[in-house]
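Please look through the sequence and the model below before reading on.

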Amino acid sequence: MVQVRQALAYVINRTEVAEAYPPDYIPVNTITGIDNYLVSFFGSELPPGFFSELNNYTYNPTEAAQLLDSVGFKEANGQWYLPNGTLWTVTIIVPSGFTDWVALMQNVAEQLNAFGIKAEVLELSTGTFYSDLFTGDYVIAPFFTGFPTPTTAYGVVHILLGICFLS
């Protein structure tokens, strides 16, 4: 559901995530939720006005709540429930031993929990992690490309948010 993915994008404060593992990751200014480096890198290759048409997914829990309400999710007593009335729980898979990824995803889980989405981080062996990732057998997972700025807040979570799914 597009609105659910958008809501998750509004729930996660990317600067806070980046600060969870200093000094390796740093916050950056973003335009429409896209790292400024990417805007300049791809800007000449895309149609004029492309970036101005994108949503700005800066931290906005109010917008997230409105989007979830619009598709039948309900909040009660500080917890979010799926449209069928089930408590909304998510597991974030991460490769064990990748201490920076684990720290960053722990922060994402903390933010989701603070918003009312029950979240936990599950550390998997690297092989299992990538197997689950590439077969789509997960709810939320990080994926770092290293391109072009892996140590920015955007590089940390931009693809994470692009591959969030509800099971």
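Two residues are said to be in contact when heavy atoms of theirs lie within 4.5 Å. The model is a predicted one, in which local features need pLDDT of at least 70 and side-chain atom pairs count only at pLDDT 80 or more, while totals for chains, interfaces and linings use all residues. Residues are numbered from 1 along each chain as its sequence is written, and side-chain values use heavy atoms, with hydrogens and water left out.

The protein has seven helices and six strands, where helices (H or I, at least four residues) and strands (E, at least two) are DSSP runs numbered from the N terminus. Along the sequence these elements follow the order α-α-β-β-α-α-β-β-β-α-β-α-α. The protein exposes about 8,400 Å², of which carbon and sulfur atoms supply 54%; accessible areas come from the Shrake-Rupley method with a 1.4 Å probe, and for residues only the protein chains shown count as cover.

In soluble globular proteins, nonpolar side chains tend to be buried together. A nonpolar core is here a set of buried Ala, Val, Leu, Ile, Met, Phe, Trp, Tyr and Cys residues joined through side-chain atoms within 4.5 Å. The largest such core has 39 residues, and those with the most contacts inside it are Trp88 and Leu112. At least two residues of this core come from each of helix 1 (2-11), helix 4 (61-70), strand 5 (89-95), helix 5, strand 6 (118-124) and helix 6, and helix 5 gives the most, with eight residues. Leaving aside neighbours within four places in sequence, Leu112 is in contact with Leu8, Val11, Val90, Ile92, Ile117, Ala119 and Ile140.

With 17 residues at 1.5 Å a residue, helix 5 should span 24 Å, and its end C-alpha atoms are 24 Å apart, which agrees; the expected span is 1.5 Å times one less than the number of residues. One of the residues in helix 5 is Asn107, which is buried with a relative accessible area of 8% and which touches Glu16, Val17 and Ala20, not counting residues up to four places away in sequence. Just after helix 5, Gly116 takes a positive phi of about 110°.

Five of the seven residues of strand 5 are buried, so this strand is largely enclosed by the rest of the structure. Strand 5 runs parallel to strand 6, and seven bridges join them, where two strands pair if DSSP finds at least two bridges between them. Ile93 has Leu122 in strand 6 as its bridge partner.

The structure holds six aromatic pairs. Rings of Phe, Tyr and Trp (its six-membered ring) pair if their centres lie within 6.5 Å, and planes under 30 degrees apart count as stacked, over 60 as edge-to-face and the rest as tilted. Phe98 and Trp101 form an edge-to-face pair, 5.1 Å centre to centre with 75° between the planes. The rings of Trp101 and Phe129 have their centres 6.1 Å apart and their planes at 70°, so this pair is edge-to-face. Because Trp101 lies in helix 5 (residues 99-115) and Phe129 in helix 6 (residues 126-135), the pair ties together parts that are 28 residues apart in sequence.

Note on methods: Buried means under 20% relative accessible area, exposed over 50%, partly exposed in between (1.4 Å probe, protein chains only).
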